[in-house]
Every structure is written in C-alpha cells, then in structure tokens.
Amino acid sequence: MIHLLQIKPNSGEPIYLQLTDQISRLIAGGELKAGDELPSVRDVAKSLAINPMTVSKSYQALLAKELVIRPRGQKMRVAESQQTELEDKLTMLKPLTGELVQQAKELKIDLQKLQLLIQQSWK
Amino acid sequence: MSMIECKNLSNNSLKSLDFFLEEGRVLGLLGKNGAGKTTLLSVLMGVLDKSPYADVKVMGHVPGCWPEAIKNEIGYVPQRFWGFDAMSIREAIKTIKPFYENWDDALATELINEFDLPEHQQIKKLSEGQKQLTSIVLAMSFRPKLLVLDEPVASLDPLSRRVFLEKLIENHCDLGTSVIFSTHITSDLERIASDVLILKDGTSVISGDIESVRESVVRMKFNFPKHKKLTFDGLSVLSSSSHGDIQQLLVDQGGLDVKQILTEKGASNIHCEHLNLDDLFLELHS
C-alpha cells in the first residue's frame, strides 16, 4: 500500500496529518480491509523519505481513532470495521469542497455550472 | 544525552547562539547566505574558532578535542569536498577505511551503486555533484553516531537528492544516527527533520521541534487604526508590517492567547494563519 501514499511537504498541512488522512481514506474506501497489515514505520519512512517519528505519530493517531489495532508483538493491522458512515466519508471531503467552492466563487462561477463540471469530471 | 550543546556561541559571524541536538534527532538548519550556517557547522567540527566565553560540546567534548574513539563516531560532509584528488573512489575508501572500526564495506558499495558513482574514476575528474556524493559515501560508511552535513544536496540533481534522503532516513532508522544539516530546500527539511533552527544575522530566531514551531508561530492579519500606536509588549513578534489600517505580524504565540491580547489592544477582524517553512522563512526576512 506504500505506493498509494503521497505527501506534499510544503502544503502547510503537517505531514503526519496528511498520512493519517490518507490511510483513513484508504480504510474508509475499502482499499485497505480489516486484518490487512500496515507497512512498518521504517518502510514508510524510507520510501517517502520522511522522518520515522512522523510516521509513528500518524500510526498513533490511527490507533487512537481505532481504525487500526496492534496485537501484542505483531504488526499494526486494520481493525475489524464498523462500516465507515457516509457522514464520515463526506466529512473527509469537506476541506476539498470548501476550497473548490471558494475558488468557484472567486471566478464568479455559479452552483449550476460547478455541478456540471463535477458531473463531467465524474466520468 | 545531548549530541550537541551550544551555549552563548559567538565569533566573527555568530552572536550568542544557543541550541541543543538530542540523540536520535534530525536538525535542519535554515538561513540566508551569510547567516552563519557554515560558520556554525565549522565551529562544531573544530575547524573554526569561537570566543572563549562560548560553551560548546559535541558528543560531550569541546570540538577538536575528541578522544580518537569519539572522533571516529562523527561523520562530516563539508560544503566543498577536497582531497583524494588523484585517487579513485575505491582507492580513497581503501585509504580511510583502516581508521574506522565500524567501517561497513557493504554499505559503501550499496551507496556507490545507488548513487550511480563511477568508482574507478579519479576523484578530480568527477562532477561537483559526484564529489558531493562521494563525500557522503565516505562520511556515512563508517556508521557514525552523528552526521554533520553542510548543504549536502546543493549540487545534486533531483533524483540523486531523493536517493540521498532515502538513504539518510534508512540509516537513521537502523542506527538512530543524529543528524545536523544545513539546506536551502525547505521541503527537504519538512520531510526529514524533527527539529529546525533558523539563523538570521548569526543568531537563532526560531528553534525547536518542527511540529511545535509550526503550531506556535503564526501570521496574524488584522485591522488597527492607523493613527494609534500598537505596542507589542509581552508578545514575541518576529516581524511586522502595516499597510494603512491593516497590520500583519509574525508571532510566536508561546502558549499565549495572542488573538485575545490583540483584541484588548484594539485590533479587529483578526485572521490567524499557520505557515509552512517556506512562507515562514520569507516572512522572517520580509
């Protein structure tokens, strides 16, 4: 799954949050399934060229959110999930839609036109 | 244990500089050209002098006064690699290897291959980037506990730079190597550093754990009547500017409710923004 992770070091959003959000999305979308092993901190740190403490911090956050579990002496695994509610999935998209709407407004594009654009890029 | 303890360091280009590097941390050093980065690293390596009042210890000793065993646990990549001109990379390795107990041939070979270095070519015929990579191979292969890197990626292409960062992180994960490195590339620093030290005019303007710095240092934009005088007492203001009624401050909040304090002083319409290191750096020098 490491190849699915991407970070933007200069985006202004802390890297550990970027990682936490991405892995949360992979779990919510079913890309990562209950019981799947998470790669080791070392492997993630090395392949993304980021500080291992950042990866640990993100894994801690996932543990706190109960999205993953760490059975004694084993690797971190995706937790048996209660299906992620639609509500939660929508919350994940909110920052993006917020920005999209703001830019649309700056460009004086109305809601109808924006919906049309989303429809077109959906295909 | 502190790998580096630096108190009240002054000399021709540094002014009462204080900072620490704890074991297992990666410290990124930022600053304009001439801010004192190379001077600082040279002092730490015992190459440059400091004032007698400075209290500087690197791995528990005054720089330059290390017992042999400790000296061999410090890897240094200077800004410009020199020496070994007539030798090939392999010959250079053969020459320095006997000095280091922990020299790791497998690691040296792995780095040479990953960096795509021509190991049998004379060092003087290598490009600047290849010389820099050679210097990195020589400094990392004896598996030091502390790596001191002066702009290690300055002459590297994006691909070599990325491979270098990966290798550095791998080494850091396996051995817990502590690192201090200077750079102008803030995105590299955001990636691999746990701590940051920003130098301006020879002294530290921002230093600490990178997450805390990003959390604590913010840009505040607000309205303040032009004819009134705004005082910053009690606030740690790093830079300020104003255009008419609009004021902008770079503030280290340091646990204070700065928004509240500014409101009490008569500011309104306050916006608070967290910055990435790039913006932070620009803001500090604006």
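Let me begin with the two domains of chain B, whose centres, taken over C-alpha atoms, are separated by 37 Å. Domain 1 covers 2-201 and domain 2 covers 216-285 of chain B, with bounds that come from an automatic or database domain assignment. Please keep in mind that this is a predicted model, in which local features need pLDDT of at least 70 and side-chain atom pairs count only at pLDDT 80 or more, while totals for chains, interfaces and linings use all residues. Residues are numbered from 1 along each chain as its sequence is written, chains are lettered from A and ligands numbered from 1 in the order in which they are written, and side-chain values use heavy atoms, with hydrogens and water left out.

Staying with the domains, 8 residues of domain 1 of chain B are in contact with 7 residues of domain 2 of chain B, contact meaning heavy atoms within 4.5 Å. The two domains bury about 750 Å² between them, 74% of it on carbon and sulfur atoms, where buried area is the accessible area (1.4 Å probe) that two parts lose on being put together, summed over both. On the domain 1 side, B:Thr186, B:Ile198 and B:Lys200 lose the most area to domain 2, together 52% of what that side buries. Between these domains of chain B the rule finds 0 salt bridges, a salt bridge being a side-chain nitrogen of Lys or Arg within 4 Å of a carboxyl oxygen of Asp or Glu.

Now to the interface between the chains. Here the contact takes 23 residues from chain B and 19 residues from chain A, and the two chains bury about 1,700 Å² between them, 50% of it on carbon and sulfur atoms. B:Arg191, B:Glu211 and B:Arg214 supply 32% of the area that chain B buries against chain A, more than any other three residues.

Which salt bridge does B:Glu170 form with chain A? Its side chain meets that of A:Arg42 at 3.4 Å, N to O, and across the interface of chain B and chain A the rule finds 3 salt bridges. Helix 6 (158-175), helix 7 (186-192) and helix 8 (210-216) of chain B each supply at least two residues of the side that touches chain A, helices being DSSP runs (H or I, at least four residues) numbered from the N terminus. Helix 6 of chain B gives the most to that side, with 9 residues.
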